[in-house]
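Thanks for coming. I have one structure to go through today, and I will keep to what was computed from it. Here it is.

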Protein chains: 2
Amino acid sequence: MAEKPRIIDLAHPLYHGSPSWPGDPGIGIAPHCILDRDGCRVHRLSLGTHQGTHIDAPSHFLPDGEGVDALPLGRLFGPASLLRIARQRGQAIGVEELLPHEAKLCEGARILIHTGWDAHWGEDRFCLEGPWLTRDAALLLAERRIGLLGVDMATPAADDAEAVHHILMKSGVIIVENLANLALCPDNFTLAAFPLRLRDMDGSPLRPVAICG
Amino acid sequence: MAEKPRIIDLAHPLYHGSPSWPGDPGIGIAPHCILDRDGCRVHRLSLGTHQGTHIDAPSHFLPDGEGVDALPLGRLFGPASLLRIARQRGQAIGVEELLPHEAKLCEGARILIHTGWDAHWGEDRFCLEGPWLTRDAALLLAERRIGLLGVDMATPAADDAEAVHHILMKSGVIIVENLANLALCPDNFTLAAFPLRLRDMDGSPLRPVAICG
């Protein structure tokens, strides 16, 4: 490992009212301890398990799925490949978009897809009108038994959200959503994407990073 | 970097009512979306910025201190040294305890101290009766300009908490508190300790890990 690797922040910032999925709890932040009065600053956070850049646990969609604290740490750290698949509003990512990257879709692979949709982070349409993975593309990733799928959209799925998540999760694919700054990443790097140790929880905000060199 | 390093979880679990500092907001977790009704599970979390295993930003104690999102990522990942300094309830960690490890206390070093006090995690006395760093020990670490100090206690300080935090923070030492599982760590490993990207926040729960080999 190089002594001073370049580290790229793959999380969007979290702040009071920062973007969240429609119908999710949203994020609120309020002061709890104030420096002048209490001698230190502490804040109270209120947020959903899928706030901002986050990881989905299998229990998000699967009745008997495990929580984020059961995800094996070794799956959340290691070599990752960036797939640059430029997509606009509502455009599909199908099997034909994945096949040029076929050699990278191997068992346990950490695959991050950069569509460019993250440029629309914070816009009203961001969550529901982004690019999406077709059912067949999800089946291909599941068949290849990749280990982790990260995307710069709010979800890898469109109207068939449940089916796409089910396909990926049943195959053991860990899903990371709302990634930032993938445009800055090289084709290959080391991903570190550790959720909070939230017992039995269906998801967790996290601070994924790309460790380069 | 080895293909399959061993990764040790350095976070205590977070759950509804899990241990928190007296007077802090505590942690509450409630269902928001329910699988049978909504097709997926989502929870709402309420917690303080210093809940469980967490990082202190300089703004926790310093009037003009920066937030967790301003901590340089390169400081939060890299070689770390474990100091085994067994201490009981209320025992001090003084300069004499640090000096045998003097060679490791160099500029930018990530120093984690295992006292064994984490065995008392969850007991009423855990936060306020743990081992503590003397003012002189804090001054030594600050003088050596170490980069990060992690401890298995709830705080590195006792009654002089503000002074010890000030000394460390003014010298730019990042503080990580409530570390778990340090007993399982080798003397040297790679630490990854990335807080959530909480804008201007004084602290953040996190999932630090020790990457071994």
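Start with the symmetry: chain B can be laid on chain A with an RMSD of 0.0 Å, by a turn of 180° and a shift of 0.0 Å along the axis. The superposition is by least squares on the C-alpha atoms of residues with pLDDT of at least 70 in both copies. The two copies are thus related as by a two-fold rotation axis. Of the residues of chain B, B:Ser46 comes closest to that axis, its C-alpha lying at 2.2 Å.

Some bookkeeping. This is a predicted model, in which local features need pLDDT of at least 70 and side-chain atom pairs count only at pLDDT 80 or more, while totals for chains, interfaces and linings use all residues. Residues are numbered from 1 along each chain as its sequence is written, and chains are lettered from A and ligands numbered from 1 in the order in which they are written. pLDDT is the predictor's confidence in each residue, from 0 to 100; chain A has a mean of 95, with 98% of its residues at 70 or more. For the complex, the predictor gives an ipTM of 0.97 and a pTM of 0.96.

Now the interface. How many residues of chain B are in contact with chain A? There are 47, and they touch 47 residues of chain A; contact is C-beta atoms, placed from the backbone, within 7 Å. The elements of chain B giving two or more residues to this side are strands S1 (6–9), S3 (42–48), S11 (188–192) and S13 (209–212). Strands are DSSP runs of E, at least two residues, and helices are runs of H or I, at least four, numbered from the N terminus. S3(B) gives the most, with seven residues.

Pairing requires at least two DSSP bridges. In S3(B), B:Leu45 is the bridge partner of A:Leu47.

Last, a residue on the outside. B:Leu99 lies in the loop between helix H2 (95–98) and strand S7 (110–114) of chain B. Is B:Leu99 buried or exposed? It counts as exposed because it has 11 C-beta neighbours inside 10 Å; the cut-offs are 20 or more for buried, 12 or fewer for exposed, and partly exposed in between.

Definitions and conventions: Two residues are in contact if their C-beta atoms, placed from the backbone, lie within 7 Å.
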